[in-house]
Amino acid sequence: MVEREQFDVVIIGAGQAGGPLSSDMAASGRSVAIIERAHAGGTCINEGCMPTKAIVASARVASLARRGREYGVHTGSVAVDLAEVRARKRGVVERMQAGSRASIERPANVEYIDGEATFTGSKQVRIAMVDGATREIEATEWVFINSGARPTIPTIPGIDTVPFLDSTSIMELDVVPEHLIVLGGGPIGLEYAQMFRRFGSEVTLINHGSRLLSREDADVSEAMAEMLRADGIEVLLNTDVTGMKLADGGPMLNITTNGDVRETAASHLLIAIGRTLNTDRLNLSATGVELGKDGEILVNDRLESSAEGIFALGDVHGGPAFTHMSYDDYRIVRDNLLRDGHRTRDDRPTPYVIFTDPEMARVGLSETQAKEKGVPYRVAKMGMDSVARAILSLETTGFIKVLISSQTDEILGATVFGVEGGELMTMFQLAMMGGITAADLGEMIIAHPTLAESINNVVTS
C-alpha cells in the first residue's frame, strides 16, 4: 500500500492565484503543499506580462529615438543590442520570481515542492520531483488547480522540419531577426510583430481571419491593422499556411491569401495562435473532474469543479486568461472558504490591455456585444487627434469609444485605442463600478492638459 503524506490543502501551480492563496490558507492554520513544475509566479512573471512588457518598453524607446526629429531632438543612428534587452528582461524576471517564491515559502506550514503533479485519485497526487524522486501526497480538505496554459503549436504539414519560436522562446533571442514571420493575429502576435519591427526586423504578420483581434469591433480591428502597416509591417489577412519547409537555413511557408498561392521565406518564425490548457497533463480522469470541449475544467460561479473539494483557478477553467482575473479567482475562493463570504465570478468586469503602442484597452461591452444582447445604447467616439495632451506629445493615433445606456445614461463599456489606453480605460471602469453617468463625467473638473481630460469631451461628443 502506498504511504501518502497528508496536507490540509494541496495547490497545483504557484501562479497569480496559487501563490497568495497558499499564504492565506497557511494563515488560517492549515498545512499547505504547493507544487510547481517550473517557476514561482506562473506565466505572468516568467513568460507573460512582466518579461514581454519589459521588452515592449525597449521597443518603444527605440521607436521614440528614431522619431526624435519630430520633437526637434536630433540623434545619431539607432542601434538595438538585443542581448542587452534580453539581459534587462532576465533581471526583471529573476527579481520578481525570487520575490514570489520567498513570499510563498515564508509561512512555516507551507511546503513549496519543485515537481510535476498528476492525480492518482480524487484528492491524491503523485509528484515527479525535479531530482528524479517521486512523492505521493493527498489533501484532507481542498485541492486547488492553478496549472495555467502553454503556447499552442498547430498541425501544419512540414512544421516539424523547420525551426520556430513561441511566445516564450522568442524572448531569448540575442540577435534581431532579419525577417520575422508572425503566425497569429491575436494580442500576443501583434505585440511581438510591432516590437521586433521597432527593433529593426522586417516583419510579416499572417492571420487566418478577415481581421485582427476578432473579438473587438471592426473599427478597432481596422485601426490596429492600419497602425501596424504604418509601422512598416506586412499584414496578411484571410491567409492560410498550407505547408512549411526548410530553405537556406530558415522557414519557407506556403501560404494562400484570398485564393492566391505563394511562398514566403524568413529568417525566423513565431507561432502565436493561442494557448493550450495544461489540464491534459494532470490525469484528471482519476478525480471525477469534468472537462469542457477545449480541456477546460468546468466550474460553477464559486469556481468549484464537479469533484467535491477540488477548485480551478486561472486559465484552466477557460478564462478569461488574464493575470488579474486569475488573481480575482484567488479572492473569490479566499472570501468564500476563509471569510464566510458569498463572492462569485458572475457579472465581474473583465478589463484588459493589449500592449501595442499605442495600447488597445477595453472594459465592459463592445458595440458588437451590445447589439447581440439587444441592449439599448448610444456610442460616443472621439479621435486621439482631438485630445490636447496627445497632440502635444505627438501621440495622436487611435480613438476613444464609449457605449452609453440610452436608458440610464450609465457607461456600458469603453474601448481606448490610444496612448496610455489602459490607464484611461480604468477610469471608465471606475465610473461603471460607481454608477456614474455620462452626464456626470461630462461635468467633472479634470486637470488640463491631461489625457484624462478626454473623458469630459468624449462623453459629450
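Visitor: How do strand β8 and β9 pair, and over how many bridges?
Guide: In the parallel sense, over three bridges. β8 covers residues 202–206. Two strands count as paired if DSSP finds at least two bridges between them. Strands are DSSP runs of E, at least two residues, and helices are runs of H or I, at least four; both are numbered from the N terminus.

Visitor: Before more, what are the ground rules?
Guide: This is a predicted model: local features need pLDDT of at least 70, side-chain atom pairs count only at pLDDT 80 or more, and totals for chains, interfaces and linings use all residues. Residues are numbered from 1 along each chain as its sequence is written, and side-chain values use heavy atoms, with hydrogens and water left out.

Visitor: Back to the strands. What stands opposite T204?
Guide: E234 in β9.

Visitor: And what is the strand order of the open sheet?
Guide: β9-β8-β7-β13, four strands with parallel pairing. β9 (234–236) and β13 (268–271) each have a single partner strand, so one side of each lacks a neighbour in the sheet. Neighbouring strands are turned by 15° against each other on average, direction ignored.

Visitor: Which strands does helix α5 lie across?
Guide: β7 (179–183), β8 and β13. Helix α5, residues 187–199, runs at about 165° to β8. Axes are lines fitted to C-alpha atoms, for helices over the stretch in contact (heavy atoms within 4.5 Å). Angles run from 0 to 180 degrees between N-to-C directions.

Visitor: New topic. How many residues has the largest nonpolar core?
Guide: It has 45. V10, I35, V125, F144 and I145 have the most contacts inside it. A nonpolar core is a set of buried Ala, Val, Leu, Ile, Met, Phe, Trp, Tyr and Cys residues joined through side-chain atoms within 4.5 Å. Buried means under 20% relative accessible area, with a 1.4 Å probe and protein chains only.

Visitor: Which element gives the largest share of this core?
Guide: β5, with six residues.

Visitor: What does F144 touch, sequence neighbours aside?
Guide: Leaving out those within four places, its contacts include V9, V10, L21, M25, F311 and V333. Apart from this core lies another, of 37 residues, among them A193 and F399.

Visitor: How many helices and strands overall?
Guide: Twelve helices and 20 strands.

Visitor: And what share of the residues is buried?
Guide: 51% of the 461 residues. The C-alpha atoms fill a box of roughly 75 × 60 × 45 Å along the principal axes.

Methods
Buried < 20%, exposed > 50% of the residue type's maximum accessible area, 1.4 Å probe, protein only.
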